[in-house]
Amino acid sequence: MSRHLYSWLLRLLSPLLLAWMGLRAHRAGGHWEVLGARRFGWYGAAPQPQSGCVWVHAVSLGETRAAQPLIQALLARGHCVLLTHLTASGRAEGQRVYASEIAQGALRQAWLPYDFPGAVRRFLRHHQPALGVLIERELWPNLVHGAQQAGIPLVLASARLSQASLQSTLRWGGVMRQTYRGLTRVYAQSLADAQRLQQLGARDVSVSGNFKFDLLLDQDKVVRGRAFSARLERRIVAVASTREGEDADFIRALVHHLGTRPHADLSGAPILFLLIPRHPQRFEQAADQLAAAGLPYVRRSQLLSLGDGSSSALAACQEAAVLLGDTLGEMPWYYACSQVAIVGGSFAPLGGQNFIEACALGCPVIVGPHVANFQQAVADALVAGALVQVRDADHAVRQALQWLEDPAELARVGAAGQYWVGQHRGAVARVLDGIEALLPQAVI
């Protein structure tokens with residue numbers, strides 16, 4: 001398929017694709033502006049923004065978090081940043097994390113336009129970035145072609161590509177090979193990713209590592225999480241970043257292993273489980289499922305309203321078997337107060353979620369069988385002894401309870417995770433040096 005045929009099909013199918021986007025927005029919640037003018041590259045009488053910024057595209061929530069250390073490094077070196085998204089969750093996370101930078105004018109946000117040729121041209125003409133950085137794997141034929149025509153270098157950073165994705169992408173034929181050839185430079189997470197990207201036509205490919213190892217944790221949240229855990233005097237297991245269908249599986253596993261009351265560890269202190277759905281639209285659904293299962297629970301938002309770490313907040317946890325994580329941006333707090341982390345997205349065929357943050361905090365990790373999005377990282381962590389992989393939610397809860405009864409093994413796995421993360425830092429510095437080397441060549 002050629003790019004022209006791709007564009008023609010995109011126009012032909014656009015009513016269906018836009019309807020699908022609308023349905024996705026309805027299910028996910030948030031402010032999507034599916035039919036907004038800026039989704040099509042129309043900016044009306046909006047003032048011309050500052051040109052020459054480094055444009056970073058982070059499609060959704062996961063990529064926005066992954067891009068955070070790079071964006072912070074760019075801002076620290078005095079570069080202005082244009083941050084684009086495709087989903088409302090990614091945009092909301094960017095607004096939360098960079099609120100002060102947005103207010104100061106150092107960073108601005110925009111929707112990435114749909115991949116129509118005219119929309120892409122208008123977007124690039126309006127914002128006039130000096131260089132574009134695409135995070136992990138978000139690649140669109142007309143976007144790459146438009147950047148080439150405008151003389152804007154494009155970098156694919158922290159790039160990953162599974163074998164299944166390689167085979168799927170190859171079915172698109174010449175249009176995707178042409179797209180990958182249009183990239184100026186590619187920084188892959190691993191050697192296997194680099195080899196697969198080269199098969200698709202990418203040039204100037206090097207292995208830089210995974211940005212997620214360079215994430216700067218909010219130390220205030222880490223300190224508060226550890227203090228909360230110490231004062232609560234209960235062992236805590238985080239069931240984090242659960243995706244569709246996984247909440248129910250874990251709730252069943254908790255009922256099976258705990259009954260409907262907290263289960264005590266060797267010290268006699270009852271164990272508290274944290275259930276943390278990845279997306280806010282599922283908070284209420286998870287609460288309903290906990291209530292239906294008869295599991296006594298308390299919400300994290302309730303603790304915050306009582307005063308984080310206060311005596312009232314601690315008292316509210318005493319009779320709970322589960323703390324429902326119904327807040328955003330608090331993953332460092334959740335992991336810091338936990339002795340074990342079960343990381344979701346991997347117990348259904350969804351590719352897995354980021355577990356590196358838990359390892360960085362010395363929290364032993366359990367993942368499920370579906371880890372295509374983190375295949376190399378999981379393989380490396382297994383060799384390093386930083387995590388274990390189990391087949392389902394029931395086995396994950398069982399493994400967590402076993403670890404809590406073996407403090408020496410718990411400490412060993414936690415230390416292995418921290419050491420493993422430390423050995424893999426540096427991806428952001430390598431990519432940042434490459435970006436700055438390209439900036440003098442950029443057409444501004």
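At what angle do α2 and helix α20 pack, and how far apart are their axes? Some notes on this predicted model follow.

1. Helix α20 covers residues 427–438. It packs with α2 at an angle of about 50 degrees. The two axes are 10 Å apart. Angles from 65 to 115 degrees would count as roughly perpendicular, and those under 35 as roughly parallel. The pair α2 and α20 is therefore oblique. The crossing of α2 with α20 is right-handed.

2. Look at the side of α2 that meets α20. P69, L70, A73 and L74 come from α2. V428, L432 and I435 come from α20. This contact holds 7 nonpolar residues, with no polar and no charged ones.

3. Next, the cysteines. A disulfide is a covalent bond between two cysteine sulfur atoms. The whole structure has 1 disulfide. C53 and C80 form it, with the sulfurs 2.1 Å apart. C53 sits in the loop between α1 (3–28) and β1 (54–57). C80 sits in the loop between α2 (61–76) and β2 (81–85). The bond therefore ties together parts that are 27 residues apart in sequence.

4. The link of C53 and C80 is left-handed, with -115 degrees about the S-S bond. Both C53 and C80 are buried.

5. C317 is in no disulfide. Its nearest cysteine sulfur belongs to C337, 9.1 Å away. A disulfide needs the sulfurs within 2.5 Å. C317 has 0% relative accessibility, so it counts as buried.

6. C363 is in no disulfide either. The nearest cysteine sulfur is that of C359, 8.5 Å away. C363 is buried, at 3% relative accessible area.

How values were computed: Residues numbered from 1 in each chain as written. Predicted model: local features only at pLDDT ≥ 70, side-chain atom pairs only at ≥ 80, totals over all residues. Heavy atoms only, no water. Helix = DSSP H or I, 4+ residues; strand = E, 2+ residues; numbered from the N terminus. Buried < 20%, exposed > 50% of the residue type's maximum accessible area, 1.4 Å probe, protein only. Axes fitted to C-alpha atoms, helices over the stretch in contact; angles between N-to-C directions. Parallel < 35°, antiparallel > 145°, perpendicular 65-115°, else oblique. Left-handed = near helix turned anticlockwise from the far one by under 90°. Contact = heavy atoms within 4.5 Å. Nonpolar A, V, L, I, M, F, W, Y, C, P; charged D, E, K, R; others polar.
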